[in-house]
Amino acid sequence: MTLPQHVGIALPPKVSNDGWHHQRRTLESEQFKETSMNEQSSQFVGNIPDNYDQGLGPHIFHDYAEDLAKRAAAANAIDVLELAAGTGIVSRRLRDALPAAARLVVTDLNPPMLAVAKGKFSEGEAVEFAPADAMALPFEDAAFDLIVCQFGVMFFPDKRAAFAQAKRVLRSGGSYLFNVWGDMASNPFSEIAQNVGVDYFPDDPPGFYRVPFGYSDTDAVVADMEAAGFQEITRETVAFDKQVADWSLFARGLVYGNPLFDEIQSRGGVDPDEVMRSIRAALQDRFGQQPASMPLLATVYNGRAP
Ligand SMILES: C[S@@+](CC[C@H](N)C(=O)[O-])C[C@H]1O[C@@H](n2cnc3c(N)ncnc32)[C@H](O)[C@@H]1O
């Protein structure tokens with residue numbers, strides 16, 4: 001069960017039996033809406049991890065994971081921390097690409113995502129898993145010489161505080177390597193998913209897709225990194241023309257593989273399968289019969305700790 005957002009009395013966050021964080025607040029302010037949306041958008045739990053891994057992984061995450069792992073391997077790092085690792089799509093490629101002597105610590109806010117990640121490794125492989133909130137990293141200062149994070153920073157509620165945490169656990173000269181989606185127009189699948197959500201819930205549109213595609217101003221990202229003390233910052237646009245073999249599988253991931261599913265459930269009255277079918281139809285209208293291709297665009301950042 002999910003409590004309605006933006007109603008009720010002020011209470012601290014709590015975790016329900018099914019692992020979802022529920023909050024009740026009195027404020028209706030835009031600031032609260034943003035905070036609440038970000039909190040709900042960060043909850044990748046329940047059946048979401050499997051749908052994420054299978055429905056979204058091959059379509060929007062694998063290519064960027066290859067790219068990030070290659071860049072990480074070139075850093076010649078020994079102590080490597082991955083943040084917001086999710087279902088281990090990058091972790092698996094990182095372990096394969098890093099030198100055998102490198103230590104790899106794989107973290108995420110949501111243990112159910114990490115459980116899927118663990119399944120990608122065999123017993124005895126050199127990888128450590130730990131739940132960790134990027135806003136409050138449970139590691140000592142200067143413990144790592146490389147941090148890697150794929151499509152995670154957009155979910156961190158206070159970007160500058162999260163960058164400051166990353167800098168704290170990096171050694172002097174260590175690097176923070178991460179990527180961030182471009183805007184919805186540059187990743188039109190997200191615009192389609194968002195617009196279908198608005199069609200079904202015009203009075204209370206789901207906000208999930210605004211979070212991962214809402215940190216696309218590259219000057220703002222660099223300013224946030226600089227404010228936290230990062231230096232020698234580089235940014236590079238990475239685009240793919242992604243072949244999609246199965247619109248149904250992708251549409252399933254877009255609804256059931258992220259917290260949009262919870263937003264649909266909490267609003268009620270609409271079967272998520274119906275939303276999925278509408279997204280599938282809209283994807284096919286826009287990009288053509290499968291197999292077809294769609295554009296993806298993101299920016300890869302690298303910053304050095306002083
Ligand atoms: C879009 S997924 C990316 C997962 C993975 N890096 C990948 O490439 O597939 C975003 C991830 O951010 C995690 N996340 C959200 N808020 C977080 C936080 N404050 N600290 C750490 N991880 C967080 C979620 O649990 C989710 O696994």
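## Helices that cross

Helix α5 passes helix α7 with a right-handed crossing. A crossing has this hand if the near helix is turned clockwise from the far one by less than a right angle, and is left-handed if the turn is anticlockwise. Before going further, please note that this is a predicted model, in which local features need pLDDT of at least 70 and side-chain atom pairs count only at pLDDT 80 or more, while totals for chains, interfaces and linings use all residues. Residue numbers start from 1 along each chain as its sequence is written.

Helices (DSSP runs of H or I, at least four residues) and strands (runs of E, at least two) are numbered from the N terminus. Two packed helices are described by the angle between their axes and the distance between the axes. Axes are lines fitted to C-alpha atoms, for helices over the stretch in contact, and angles run from 0 to 180 degrees between N-to-C directions.

| Helix pair | Angle | Axis distance | Crossing |
|---|---|---|---|
| α5 and α7 | about 50 degrees | 8 Å | right-handed |
| α2 and α4 | roughly 50 degrees | within 8 Å | right-handed |
| α2 and α8 | about 135 degrees | 8 Å | left-handed |

Angles under 35 degrees count as roughly parallel, over 145 as roughly antiparallel, 65 to 115 as roughly perpendicular and the rest as oblique. Residues are in contact if their C-beta atoms, placed from the backbone, lie within 7 Å. As for the classes, Ala, Val, Leu, Ile, Met, Phe, Trp, Tyr, Cys and Pro count as nonpolar, Asp, Glu, Lys and Arg as charged, and the others, Gly among them, as polar.

Helix α2 (residues 48-74) takes part in a pair with α4 (residues 111-118), and α2 and α4 are therefore oblique to each other. From α2, Pro49, Asp50 and Asp53 reach Pro112, Met113 and Val116 in α4. The α2 and α4 contact has four nonpolar, no polar and two charged residues.

Helix α2 also packs with α8 (residues 247-256), and this pair is therefore oblique too. Ile48, Asn51, Tyr52, Gln54, Gly55, Leu56 and His59 of α2 meet Leu249, Phe250, Arg252, Gly253 and Tyr256 of α8. The contact of α2 with α8 divides into six nonpolar residues, five polar and one charged.

Strands of a sheet pair through backbone hydrogen bonds, either parallel or antiparallel. Two strands pair if DSSP finds at least two bridges between them. You can follow both kinds of pairing here:

- Strands β3 (residues 79-82) and β6 (residues 144-150) run parallel and share three bridges; Leu81 has Ile147 in β6 as its bridge partner.
- Strands β7 and β9 run antiparallel, joined by seven bridges; Tyr176 is partnered by Gly303 in β9.
- Strands β8 and β9 run antiparallel, joined by twelve bridges; Thr234 is partnered by Asn302 in β9.

## Around the ligand

Which residues come nearest to the ligand? Of the 24 residues around the ligand (C-beta, placed from the backbone, within 6 Å), they are Ala84, Gly86, Leu109, Ala134 and Gln150. Helices α2 and α3 (89-97) are the elements that give two or more residues to this shell. By class, the shell around the ligand has 16 nonpolar, six polar and two charged residues.

## Two backbone details

Gln290 and Pro291 are joined by a cis peptide bond, with omega about -5 degrees. Pro291 lies in the loop between α10 (272-287) and β9. Ala142 is not a glycine, yet its phi is positive, about 55 degrees. You will find Ala142 in the loop between β5 and β6.

How values were computed: Contact = placed C-beta atoms within 7 Å.
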